[in-house]
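Let's take a walk through this protein model, a few pieces at a time.

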Protein chains: 2
Amino acid sequence: MSWFRNFIHLVKQSPPQRKPAALLAHSPPSLTLLLRHFSSTQIQSNHPGSRPTKGDEKPRVVVLGTGWAGCRLMKDIDTNIYDIVCISPRNHMVFTPLLASTCVGTLEFRSVAEPIGRIQPAISREPGSFFFLANCMGVDFQNHQVHCQTVTEGVNTLEPWNFKVAYDKLVIASGAEASTFGIKGAREYATFLREVYHAQEIRRKLLLNLMLSDVPGMTLTEEEKRRLLHCVVVGGGPTGVEFSGELSDFIKKDVQQRYSHVKDYIHVTLVEANEILSSFDDRLRVYAIKQLTKSGVNFVRGIVKDVQPEKIILNDGTDIPYGVLVWSTGVGPSSFVKSLEVPKAGGRIGIDEWLRVPSVQDVFAIGDCSGFLESTGKTVLPALAQVAERQGKYLAQVLNNVGKSGGGRANSATGLDLGEAFVYKHLGSMATIGRYKALVDLRQSKEAKGVSMAGFSSFFIWRSAYLTRVISWRNRFYVFINWVTTLVFGRDISRI
Amino acid sequence: MSWFRNFIHLVKQSPPQRKPAALLAHSPPSLTLLLRHFSSTQIQSNHPGSRPTKGDEKPRVVVLGTGWAGCRLMKDIDTNIYDIVCISPRNHMVFTPLLASTCVGTLEFRSVAEPIGRIQPAISREPGSFFFLANCMGVDFQNHQVHCQTVTEGVNTLEPWNFKVAYDKLVIASGAEASTFGIKGAREYATFLREVYHAQEIRRKLLLNLMLSDVPGMTLTEEEKRRLLHCVVVGGGPTGVEFSGELSDFIKKDVQQRYSHVKDYIHVTLVEANEILSSFDDRLRVYAIKQLTKSGVNFVRGIVKDVQPEKIILNDGTDIPYGVLVWSTGVGPSSFVKSLEVPKAGGRIGIDEWLRVPSVQDVFAIGDCSGFLESTGKTVLPALAQVAERQGKYLAQVLNNVGKSGGGRANSATGLDLGEAFVYKHLGSMATIGRYKALVDLRQSKEAKGVSMAGFSSFFIWRSAYLTRVISWRNRFYVFINWVTTLVFGRDISRI
């Protein structure tokens, strides 16, 4: 135990003096300002995962983000050729299509979260591969470096600190941000449904409101009770519809039994400015509306003007009081992507047919943060998991080939043939609508002809498709077990 | 959808005016003050779970608390005789013996939490039975009423409100509080291990520190890295020892593989003023120390004097720097119990042989909050799950018999025979020490002779004993599945 005695001793002699880390504003400042700031306060560390790679080391691929795109890429990258450094504020991938199910206890939170170390074990085992819990604040394309800041939320004794990581190849897969179209109060009072902690928050609010609405007291009028138990979903895309379906399922099956005193007070309303599930076949949309209405979901056509702590206000002046408000009106570019000084495509990082950022060397962008430049003649692809996943898979292949041809090192791949360009083939859309029913639309696009179906058989396809897609065997197993136990024992309602 | 149109309409005309609830200090004020406060601001509501029961209704048992004692009582109470109203700040029971395992991902959090509605379904189904999410602030023994305040943490739009609940029989099972012996900073910087959210906090801190210690930067010196990854446990009772064992298991098996870059920096230290596991057989204690030392746990004999954000200071002046600090030095009376104006036994609510609070009518106390009065000639029982559980079981039987004899209503049981007095028979103690090893001490007391054993066979007994004790089949099933998957796939390390 010599380390221990030394440790204790050392500390007794001279308590560690932490250098106060420079404080950075939360929203990334302009890049120039940032770079100046960094160069004045930061000394390049000698960490094996951050200094430029040397001749006898593997070249380093730095991946920003742990979503569908980044994780699929890391899974497929050949770790005999490259070291991987992943930088992200979260150490797991979220299996987003199943997130709505966790809010009401159909699935456990852990079942839909896959740790990076399980997706790519090299990250925790190889001496040159790392995962850094941090946000990327800017990229110095000239010097092949990314500038980052650690995420220390939850540790009182550490201020966030800045550090730089040198890359041979950089893959930006940092995703998009939930968009609120600048509507006042939305970010403050509504909950998104993109991360596991969002689902946890929705679940806690829902169960808390269910319990509180049952407690005696003069404060709680009948209207107030109805308000507390009114779940309002803004946005009629797949996420909003799936959440409404799960919620009405939960109300029909579990609230009736386990909160029978307040069962007549709980309701679900879906607010959408246009059509729900606009990308789906018309027949499927009609079916979905019919089924969800049958399950008790109210549809309101309207544009939200203002969000207040207890109600939303529509453009036509209608007030809709709520107890739980979920916001899923799509995504837009993140402030990090906005701050990057590269050509954009619809606000996203502009890429060519090989997913490269053509204005700079050795940089690629995939997933929701990227879009084809006009010069490619291709349209910007929708922000879908399957697009991101396909791009990650494709790019891993490209990088592996480049590495094998000796172009892995920084500035060494100019002139190399990258092989065939990326082509996206839409495999169809799926959405569940509760009550063991789902929609499956296998058409290539909204105009194309093709198979579309709805009902229990689709539900079965939907569940099987997801079961085989959840990445690790551990989580496949857990999702299956969760579904079976929900079927047998009902949903879990403990509020922990 | 007429409710919806009325609802929306109503709200448009006159937005609900919430009456601001009276603000109460967080620590319960003196009872007299409280009663005056209540009577001036609170009108008795007409809620079917709170007004005094009428002749055609079932008598009402009010249970304060959802620990081992209260839950076992509620499980066994005959709901054909009584309505149950349970008042607690948490809607589930925590299976405390397995809580330490959830911190490192051996078990899922949900597997150790059992919702009250599953323990006693009548609470969510019977028209006169309820669960109220609230703290009890005081008891008006004269008028057979408890005074409560809702727990609204997590709802921004509702102030906590006060309400009264009338009882026919009152069972106080509100438990004890973690004690810190008045040591400065302990409550502020250490984490207890008594609730699911404690385990979640420890887990989050541990995984965060593991990840941060791997990030490059000048801030992170070698000592600082050692500090971040130094887990210090204060208190060598079963909880502290089990947690240390689980933690060293986690380090040996999972950190080595999944955080191999920092595996040499993580250590566990157990600080105890006296002997560890003082209630166990000496042979078992020696065995435990040997095994835990082999797993890498450091033992420090000392008394903590001061807790600071980054270190604890012992009486002899030694500093022990820490990254995660877990506090498990036993329990003491809660401020609610202290505020009750009834005779006490060692700070706890004084009870007689039938677990009654003899100075008042129709009031019982069980579990950690109660202790035998000197007049009974019995000693105050230890604060153990098995004591609480046995008392809950016994009291349910007594109350069922009283109810059958027509004494269920308030003030109607005087002179009734309560049957045999409560006798506690110690079934032995068990504790796991990691590495598939456990201690089982089947002796009646420290001085008695009897079987005690240690090793894998005890581990097997320990796991089986717990599997059959976890209350619902759903959780038995999940605990089993969790154990199997941990064995096959390793522990889960996603930080969600």
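## Helix 15 of chain A

In helix 15 of chain A, the buried residues are A:Arg474, A:Asn475, A:Arg476, A:Tyr478, A:Val479, A:Ile481, A:Asn482, A:Trp483, A:Thr485 and A:Thr486. Keep in mind that what you're looking at is a predicted model.

How far should the 17 residues of helix 15 of chain A span at 1.5 Å a residue? The answer is 24 Å, and the end C-alpha atoms of this helix (residues 473–489) are 24 Å apart, so the two agree.

## Chain A as a whole

Now zoom out. Chain A contains 15 helices and 24 strands. Of its 496 residues, 61% are buried.

Take the contacts in chain A between residues at least 6 apart in sequence: 66% of them join residues at least 24 apart.

## Two helices crossing in chain A

Next, find helix 3 (residues 68–76) and helix 13 (residues 385–404) of chain A. Their axes come within 7 Å and cross at roughly 35 degrees. The crossing of helix 3 of chain A past helix 13 of chain A is right-handed. On the helix 3 side of chain A, the contact is made by A:Trp68, A:Ala69, A:Arg72, A:Leu73 and A:Asp76. Helix 13 of chain A answers with a list of its own, including A:Ala385, A:Ala388, A:Gly392, A:Leu395 and A:Leu399.

## Another crossing, this time in chain B

Over in chain B, look at helix 8 (residues 196–212) and helix 10 of chain B. They pack at an angle of about 35 degrees, and their axes are 14 Å apart. Helix 8 of chain B passes helix 10 of chain B in a right-handed crossing too.

Who meets whom here? From helix 8 of chain B come B:Ile202, B:Leu206, B:Leu207 and B:Leu210, and they meet B:Phe243, B:Leu247, B:Phe250 and B:Val255 in helix 10 of chain B.

## Helix 11 of chain B and its two faces

Helix 11 of chain B (residues 282–294) has 13 residues and reaches 18 Å from its first C-alpha to its last, close to the 18 Å expected at 1.5 Å a residue. Its buried residues are B:Leu284, B:Arg285, B:Ala288, B:Gln291 and B:Leu292. Why do they sit on the same side of helix 11 of chain B? They cover an arc of only 135 degrees around the axis, which puts them there together.

Those buried residues of helix 11 of chain B pack against helix 10 (238–258), strand 12 (297–301), strand 23 (438–441) and strand 24 (452–455) of chain B. The face turned away from the buried side of helix 11 of chain B carries the exposed residues B:Arg283, B:Val286, B:Lys290 and B:Lys294. Just after helix 11 of chain B comes B:Gly296, with a positive phi of about 105 degrees.

B:Arg285 is found in helix 11 of chain B. Is B:Arg285 buried or exposed? Its relative accessibility is 10%, under the 20% cut-off, so B:Arg285 counts as buried. Leaving out residues up to four places away in sequence, B:Arg285 touches B:Glu275, B:Ile276, B:Leu277, B:Ser278 and B:Phe280.

B:Lys169 lies in strand 8 (residues 169–172) of chain B. At 1% relative accessibility, B:Lys169 counts as buried. Its side chain reaches the backbone oxygen of B:Gly407 at 3.0 Å.

B:Asp362 lies in the loop between strand 19 (348–351) and strand 20 (363–365) of chain B, and its relative accessible area of 8% makes B:Asp362 buried.

B:Phe181 also has a positive phi, near 50 degrees, and is not a glycine. Look for B:Phe181 in the loop between strand 9 (177–178) and helix 7 (186–189) of chain B. At 63% relative accessibility, B:Phe181 counts as exposed.

Terms used:
Residues are numbered from 1 along each chain as its sequence is written. Chains are lettered from A and ligands numbered from 1 in the order in which they are written. This is a predicted model: local features need pLDDT of at least 70, side-chain atom pairs count only at pLDDT 80 or more; totals for chains, interfaces and linings use all residues. Side-chain values use heavy atoms; hydrogens and water are left out. Helices (H or I, at least four residues) and strands (E, at least two) are DSSP runs, numbered from the N terminus. The expected span of a helix is 1.5 Å times one less than its number of residues. Buried means under 20% relative accessible area, exposed over 50%, partly exposed in between (1.4 Å probe, protein chains only). The arc is that of the directions from the helix axis to the C-beta atoms. Contact means heavy atoms within 4.5 Å. A polar contact is a pair of N or O atoms within 3.5 Å; within protein, one must be able to donate a hydrogen and the other to accept it, and residues adjacent in sequence count only if both atoms are side-chain atoms. Axes are lines fitted to C-alpha atoms, for helices over the stretch in contact, and angles run from 0 to 180 degrees between N-to-C directions. A crossing is left-handed if the near helix is turned anticlockwise from the far one by less than a right angle, and right-handed if clockwise.
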